[in-house]
Amino acid sequence: MTGDIQPTDTAAKGFDRRTMLKAAGGSALAVALAGCSDLLSGSEDDGGNGGEEIPDEPIKAGLQTFTEGAASVLGLQAQYGAEEAVSRINDADGVAGREIQLDVVHEADAHQENYNTFVEEGKDVTFGPISSGGHLSMLGEIEDSGVINVSTDGTVTTLFEEELTDPTYAFRFQNHDVMEAVSAAVTAVEQLGADNIDTYANINPNYAFGEDERRLFSAAIEALTDADEVYSGFPDLLADDMSTHVTSVVQEEPDVLFTSCWGGDATLLLDQGQGQGMPDATDIIVGPVLYGSANDYTEGDIQGNIWSGSRNFYWGFPDTDRWSPGQELFEAAQEAENTIPTAHYMSGYGAVTAWATAAEKASDIVGGWPSQEQIAATLENHGFFTPAGYHTMHESHQCYSNSHFGRMVWSDDIGGPLLEDVSVADPREVSPPPGTSSFDWLENW
Amino acid sequence: MAVAAADLLLQSVTDPSGWVIHTLNGLFRGFILFMIASGLTIIFGVLGILNLAHGEFYALGALLFVSLASYLTGLVVAPTDPASLLLFGVLVLVAILVAAAVLIPVSAVIETVLVRKIYDRDEVYQLLLTFGLLLVLIDLMKISWGPGTHRPDAVGGESLNQVVDVIPMEEWFGFSYSSYAIFSIFAGAVVFLALLWFFDRTKTGRIVRATAINREMATAIGVSSDRVFTLVFAMGGFFAGLAGAIHSGSAIAASADMGGDALVLSFVVIVVGGLGSIRGAFVGAILVGVLSRWMTWQQPALELAAPFALMVVVLLVRPEGLYGTWGEIE
Amino acid sequence: MSTSDQDDGKRRIRLFKGLYLTPLQLVLAVAGILALFLVPEIEGVSTRLSLTTIHQGILWGMAAVGLNLLLRHTELVSFGHAAFFGAGAYGGAIVVNFLGVDAGLVVLFGGVTLALFFSLLIGWLVAEYRDIYFALLTLAFGQVLFAIALGWGTLGQDEGLFLRAGGSFTGDPPTLFALELGLRQYRILLYYLTIVLLVASLLVMWRLINSPFGNALDAIGQDRTRARFIGIPVKRYVWAAFVVSGVYGGIAGALYGMRRLQVTPEGTLEVFRSGEILFMAILGGFQTLLGPVIGGIVLRWLLENARFVTEHFELLTGLVLIFVVFFMPQGILGSLPKIAAGTRKRARNPGMVGGDLSTLGTMFADAARDAARTIKILLFGVK
Amino acid sequence: MLEARSLVKEFGQLRATDDVSVRLGDTENEMVFIVGPNGAGKSTLVNLLTGRLEPDEGAVILHEETAEGTVERDITDMRPDKRVKEGLVRSFQIVHVFEEMTVRENIRTAALSNHGLMRSVWSLRDEHEAVEADVAALLEQFRLKDVADEKAEALPHGDRKLLDVAMSFALDPEYLLLDEPTSGVGAAEKEYVIETIVEASQEQNVTTVTIEHDMDIVKTYADRMIALVEGSVYREGDPNLLETDKDLRRVLLGVSDDE
């Protein structure tokens, strides 16, 4: 980004070192030294063009998400959601009159590279990724490159709590893990009663996210009940077999089973679990991301007392009588992609909307096209609506939205599961106040 | 460690079903692995080629099965009584066999058109070609089936294996276990015995073995080594496809990129068993399958490393593998 | 690289003892190095020419140069070279995270040390194996390291480790030559350092393979028995070559970790990374010194940047590899003389292009016929 | 002097060498020939002496003249490449040369290895002028000069045999064990090959031990002859035994005529 020296810069600086070298005739050398001069002169400032006239050309936006592989169960939802948001925004005359052009790329294991390529392509804003590890690896780049990224997911709790304390350009739309893990514990207690929970078990995917969820859930359930953990298994991410973990749970017969398995792992766990009678061996199964695989379940998979979160969005809640946007989004998703929109659909939708509404607001304020800093500053404490309700982007750059939990039941009408008895938790109930670490907060419950 | 071992022992005495089920889980996995690895090992034994694209045959079998099974089981209503359950089972079996059978022409054509051209080339080119093939096949599968994961359509609200799993194992064996997995173990055993019979008892099998041992001599006595190679490659493709089809009938979801892990684990299996040995692939697969399930159960941290550590030990102590005969089919 | 056989009457310029280049070679070499130094500037020409891709391509290529010592000379196919690339990357990360040192050269040294350790250990265990056993043993060791990195919490599991100050993911990058730099400056300087190390490591490799030691490796590759009975301690030499090759991987891996500021098991240690290093060497031309670097840049570009150009980048990459096997077995660099000669001939005699096309047509027709015959045999049996 | 002391080597049921004791190089640059029918254990004996095989029983002893007299050194467990450094060099029945190197490079590789390779890691292979002189001399002596820059794989069989032997001489041997250097060589060339070997051995003061099937050659060139039969030393001594000893003639020629 900063490597490209704008013509205006040269004009502004007049007869700089580079032009001088060129004039001296050594243009090849001059170019060769230009990299060095970059090194010597420090970072070029490109953020000072705020308030410029609103350009004619469309806004260039990039989204990285899992477009293939097993994780595309989530990734494609985010893509569909982002595309729906972009198309709605463009239908409504764009952001400050500018249309959004969205490029989508497979995030693979190249998050940094994808972000950098987007920046090099001159993207005005970037969205994604899904992977929390990938999100971490990008943050340094984002802060250094100065092109805003609104993460769709990448929801490791500690991220904006502890480790990235003063971000400028990196934002996260989706609720962080603590909310869904705590919601899961609360739901189990509400359904069974604290006195009836003596044992619980964990099955979480074998990577940072899974361990994060397990620690948070365990801390929450032990704060609410006297239960002991009787089993904890970590099947590999994208596993092709969970029989061992299912067998262990069936033999331990815990009162509560918590799982943060998602995508194909969720269907595999429930399908294999049904085969070995896992739902019968437990009183309740709570899984914050189980509903994310809504499009892939069969009726047989979800037999039993299985409760799932739907992070910050469940299209059927509140009821359509009171709140139609959820139903409308459902219909849009059905029409465009023949898919049941899940919380990851909202990840994409919300990330785009967060940025677009903030950019619009900023352009109103500055009376022209805002700079990255100006949009970033507007995004802090920015509140906005989506069909999921009202969201606030806290100044920690973590967005807060309501968290949903409900019982999965089969619906022949939509050919997939619905959530029944949905309970909604205000972010203040299920996450620590900004500035407090989740574990400290849970300990003092 | 000693405490853990004592714990285990105690547990196995007080509650043997844990051991039985975890071992069955391992056997299921082992037999799937065996079906993939058997093809890899005979292709290596006869053709001298380590086919990196072999895992893609497995993936292709899985995806084909998903489509076929969805179509076939869609033709009937959900089974309600033993007769309709039997019909359903037959349809699933047909889907499995047809999916695997499609791999025969696919792999035969790949062999004739591409792989045959490089038998005499340096092994690095064989690796490069089959790796290129791997990438091409993955992408072709993504184009055909879409990038995500796929399961057979539900029948009467249940997934395919749930329908099959109504067979009451608990009544027969005293504990609950997936009858689909039992069927898969049985199928794997049949494949193993069939392969042994083929190579020991049939004329074609002996010709293949003769070709493996000495190509020139086989040619001299009038055997078309080209045909033998095509046959072997197609057999390998068939068994990998069979593994994929059977596996995707269990709870797993099929996807275009499921071949990689299968391939790497199959390496372990054939090295442990001895390159080119079918008995070796069998023992190796069961070892790796059961070991990995036991590890997942007792020492989950070692699950990933365990098969490779086993492979390292075997290679260092007995490089030719447990049943190694180096390039001959046994 | 040619030997200094100077009987062909061409004028040669002595670079240093033993290395003589024709004027053309010298111009090409200088131009090549200059071009590499220019990359940070010309990347603006096209977004597809990113410094990131070229830098990382060079680093993977450097590992492939190391691997090529085994592949070309001792004729051993290593399928686990990512182990040393990863060890280099993790070694650097360990220095930053657990020793709290963020001086770039110390980080680099840490990476090389860890790679050296593992190549000494693994090399000693595999030095006497050959062919497929060597390939599979190296693969197995590579996977064991991968499994350890993925399973051991201290190493951050799938998220790996960050090479930023304090191991946090937003800290400052390591210092280079005691300079604290912004990210862009850091990366350009690191890139220049990479080029310098690349040129140095190529020269070292050139001397090594043209030394009696390199000659002995050739001998070992061509006939181990004979090598042993002309007095070459085969195991020790293979071990030494393995270690050299591992250290190259370690340098490259450490620089890669410093470039990305994060190391992950999947990104540096997985078996497919090992395969890529091997294929880079072949793609670029494993009978040449520079080929693996070219292969590194090209394959990296295909794997990383082609995603932005086509959805079907895997198909594209696969077809390129298959093309190389059948039409350019000498790899990109190794085939250049042939291509140049062929192009010259065709420029003089354009009629030959028609012949090429018909040869190509015949090849495809043959393939189609073979395929059809196979299907026929499957359906109707052998007549 | 190189001594085989009660060497036993078994391959499964077969005793390839059965308690073989021989002394080689008792006299100055001795020319010893080992004869015997196929499967008599000739190659096995050479393999045991040079370290290609390890004996099941017995020892390989090197007798060295020092200031204090003769010292015995047991080299039974010594690696082959170390034995080469001790002057124990061999060629092979089936030609082992570096196929992708030129003839010159083959000989140079052998000559260089004798100069301590590790020490010369940082030098260039064509910098070793002393070696080049040796290489040139050997090329001349073994009539390989005209094909010096041909790849070894492209040579006719006779030249390949010569190259194999020439490489052995490049190693500055004290004891040279040649496993059928004339096998597969045309009748016309045979004599030349063996003459060259004898000549070079005399020049370099080498004890040469040659496995040979052609009894005329043995009779013409041998200082001493060792006849192996079924793994044991059957006769040892003057090559005239080949004419005088009827049993030996029957055992040897009866078989070798069939070949």
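Which residue of chain B meets the side chain of A:Asp301 in a salt bridge? Select A:Asp301 and B:Arg151: their side chains pair with an N to O distance of 2.7 Å. Keep in mind throughout that this is a predicted model.

**Stop 1: chain A against chain B**

The area buried between chain A and chain B is about 2400 Å², and carbon and sulfur atoms give 46% of it. Now pick out A:Asp240, A:Thr244 and A:Asp271, which supply 22% of the area that chain A buries against chain B, more than any other three residues.

Between chain A and chain B the count is four salt bridges, and nine residue pairs are in polar contact, with both residues at pLDDT 80 or more.

**Stop 2: chain C against chain B**

The buried area is about 4400 Å², of which carbon and sulfur atoms give 81%. Two salt bridges are counted between chain C and chain B. For one of them, select C:Asp370 and B:Lys117, whose side chains meet at 3.5 Å, N to O. Residue pairs in polar contact, both at pLDDT 80 or more, number eight between chain C and chain B.

**Stop 3: salt bridges inside chain D**

Move to chain D and select D:Glu86 with D:Arg73. They form a salt bridge in which the closest N and O atoms are 3.0 Å apart. D:Glu86 lies in the loop between helix H2 (80-85) and strand E6 (88-90), while D:Arg73 is in strand E5 (residues 69-74), so the pair ties together parts of chain D that are 13 residues apart in sequence. D:Glu86 is partly exposed at 24% relative accessible area, and D:Arg73 is also partly exposed, at 27%.

Then select D:Arg104 and D:Asp149, another salt bridge, at 3.3 Å from N to O. This one links helix H3 (residues 103-113), which holds D:Arg104, to the loop between helix H4 (129-141) and helix H5 (157-170), which holds D:Asp149, and so ties together parts 45 residues apart in the sequence of chain D. D:Arg104 is partly exposed at 25% relative accessibility, whereas D:Asp149 is exposed at 56%.

Still in chain D, show D:Glu3, D:Arg5, D:Arg23, D:Asp26 and D:Glu72 together: salt bridges link them in a network.

**Stop 4: a buried pair in chain A**

Bring chain A back and select A:Glu121 and A:Lys123. Are these two residues buried or exposed? Both are buried, and their side chains meet in a salt bridge of 3.1 Å, N to O. A search of the whole structure finds 51 salt bridges over all chains.

Technical notes:
Residues are numbered from 1 along each chain as its sequence is written. Chains are lettered from A and ligands numbered from 1 in the order in which they are written. This is a predicted model: local features need pLDDT of at least 70, side-chain atom pairs count only at pLDDT 80 or more; totals for chains, interfaces and linings use all residues. Side-chain values use heavy atoms; hydrogens and water are left out. Buried means under 20% relative accessible area, exposed over 50%, partly exposed in between (1.4 Å probe, protein chains only). Helices (H or I, at least four residues) and strands (E, at least two) are DSSP runs, numbered from the N terminus. Buried area is the accessible area (1.4 Å probe) that two parts lose on being put together, summed over both. A polar contact is a pair of N or O atoms within 3.5 Å; within protein, one must be able to donate a hydrogen and the other to accept it, and residues adjacent in sequence count only if both atoms are side-chain atoms.
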